[in-house]
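User: I have a chain to study and would like to work through it by question and answer. Can we begin with the structure itself?

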Amino acid sequence: FLGLKTLSIIKDTLENIKLSRGIEIDINTIPLDDPLTYELYSRGDTTGLFQFESEGMKKYLKALKPNRFEDLIAMNALYRPGPMDYIPSFINRKHGREHIEYDIPVMEVYLKDTYGITVYQEQVMLLSQLLAGFSKGMADSLRKAMGKKIASMMDQLKIKFIEGCTQNGYDQKIAEKIWRDWESFAHYAFNKSHSTCYAYISYQTAYLKAHYPAEFMAAVLSRNLSDIKKITFFMEECKRMGLTVLVPDINESFANFTVNANGQIRFGLAAIKGVGESAVSHIIEIRKKSGPFKDIYNVVERVNLTIVNKRCL
C-alpha cells in the first residue's frame, strides 16, 4: 500500500468547503471534461497538484494545453526521469504541427489516443499480439522484460516478434524498426493503469484548486504544518493567486488553516512554532465553552497554564 498525503489534502478540502460554504462535494462524481480544470493545467498553474508540480512539467503543460483526460494520463506516463524525446513530438502531433504516422497502418487501433506514439506497456502488449501473434502470456512476458529491463528475455522475444511479424506478412525491416523503438521505450516503460490512477488523483486536486482555491490551499497548508519552508512557499502561491492569508487569531483560528465566510484563509494555530496540539485543542475548547477571549489577561485567567505554558503564550 502506498500512502499519499494528497488523499488527506482532498479530504481536508472537502471538509473546508462544507465548513465555509455549506456545500458537500462528492469528489468521485466530478465531471472529467470540466473547462476550468483544463484551463488551470494549460496555464501551468499546478503548484500543489499531485504529480504535475515540477517546473519542467509546467512548461510542457503550457505547450500541450490539455483538454481531455487522456492527455493527462499520457503526460503523467511520459514525464519521468530519463529520455523525454517523445514529449515535444506528442505536443506537436496534438496540435497538428507534426504528421501522425504509423509504421504499419493497423497500429492506429491502439496508438490513436496517443497520437501514434507508444506511451504505455499495455500498448506494446496489445501490438505484439496484433502484429506478431503473441499469446497473452508472451505479451505479459514482454511487459515484464521491459519493466524490469531483462536483456536476455528481450533478446529471446525479439526473435519471436520478428518471426511472427514476417509470418503475418509484414516487412522484416519495419518489424525491426518497431522493436528498436520499443527497446528505447523500455528505458522508461510505464503502465497505463498506474498512470490513470495518478492522473485521476491529480485531476481531483486540479478541480478543487480551480473551483475552490481558498479551501484547497488551506488544506495544502494544513498538511505541511511542520515544514516552515513549505508553509512559506505555499503562502507565496496564495499571494500569487490573489488569496488573502490572515495572521493567526486566538478567537478565529483553529488548529489547521481554515477559510472564513469572506473566503480568506486564516492561519492555523498549530503552525506557530512552539505551540503544541494539546495547547491548541485546549484553547479552542475554552473558546467554544465560554466565548471569545477579551485580551491577553483574559486568556491567562481562563486557560490551564500547565497546558498553555509560558513558552506557548
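**A walk through the chain**

Analyst: Lys-65 lies in the loop between α3 and α4 (69–78). Keep in mind that this is a predicted model. Ask away.

User: Is Lys-65 buried or partly exposed?

Analyst: Buried means under 20% relative accessible area, and exposed means over 50%. Lys-65 has a relative accessible area of 46%, so the label is partly exposed.

User: What is phi of Lys-65 near?

Analyst: Lys-65 is a residue other than glycine, yet its phi is positive. The value is near 50°.

User: Which loop holds Gln-51?

Analyst: Gln-51 also has a positive phi, near 75°, and is not a glycine. Its relative accessibility is 38%, so Gln-51 counts as partly exposed. The loop that holds Gln-51 is the one between α2 (35–42) and α3 (55–64).

User: How many residues of α4 are buried?

Analyst: The buried residues of α4 include Phe-69, Asp-71, Ile-73 and Leu-78. Glu-70 and Asn-76 are also among them. Helix α4 is largely enclosed by the rest of the structure, because the count of buried residues is 10 of the 10.

User: Which elements do the buried residues of α4 pack against?

Analyst: Packing here rests on contacts, meaning heavy atoms within 4.5 Å. The partners of the buried α4 residues are α2, α3, α5 (86–94) and α11 (192–211).

User: Which residues does Thr-205 touch, leaving out those up to four places away in sequence?

Analyst: Thr-205 sits in helix α11. At 0% relative accessibility, Thr-205 is buried. The residues touched are Thr-6, Ile-10, Leu-49, Phe-50 and Phe-216.

User: Is Glu-215 buried or exposed?

Analyst: Glu-215 is found in helix α12 (residues 213–222). Its relative accessibility is 2%, so Glu-215 counts as buried.

User: What separates the C-alpha atoms of Glu-215 and Lys-136?

Analyst: Along the chain, Glu-215 and Lys-136 are 79 residues apart.

User: Now the whole chain. How many helices and strands does the chain have? What is its radius of gyration?

Analyst: The chain has 15 helices and 3 strands. For 313 residues, the globule rule gives 20 Å. The chain is well over that, so it is more spread out than a compact globule. Its radius of gyration is 26 Å.

User: What box do the C-alpha atoms of the chain fill?

Analyst: The box is taken along the principal axes. Its size is roughly 90 × 40 × 30 Å.

User: Among contacts between residues at least 6 apart in sequence, what share joins residues at least 24 apart?

Analyst: First, the burial figure: 44% of the 313 residues count as buried. For the contacts, the share joining residues at least 24 apart is 60%.

User: How far apart do the centres of the positive and negative side chains lie?

Analyst: The accessible surface comes to about 16300 Å², with 53% belonging to carbon and sulfur atoms. The chain has 41 positive and 36 negative side chains. The centres of the two sets lie apart by 5 Å.

Note on methods. Residues numbered from 1 in each chain as written. Predicted model: local features only at pLDDT ≥ 70, side-chain atom pairs only at ≥ 80, totals over all residues. Heavy atoms only, no water. Helix = DSSP H or I, 4+ residues; strand = E, 2+ residues; numbered from the N terminus. Rg over C-alpha atoms; globule rule 2.2 N^0.38 Å. Buried < 20%, exposed > 50% of the residue type's maximum accessible area, 1.4 Å probe, protein only. Areas by Shrake-Rupley, 256 points an atom, 1.4 Å probe, with all protein chains shown as cover. Lys, Arg positive; Asp, Glu negative; His and termini not counted. Charge placed at Lys NZ, Arg CZ, Asp CG, Glu CD.
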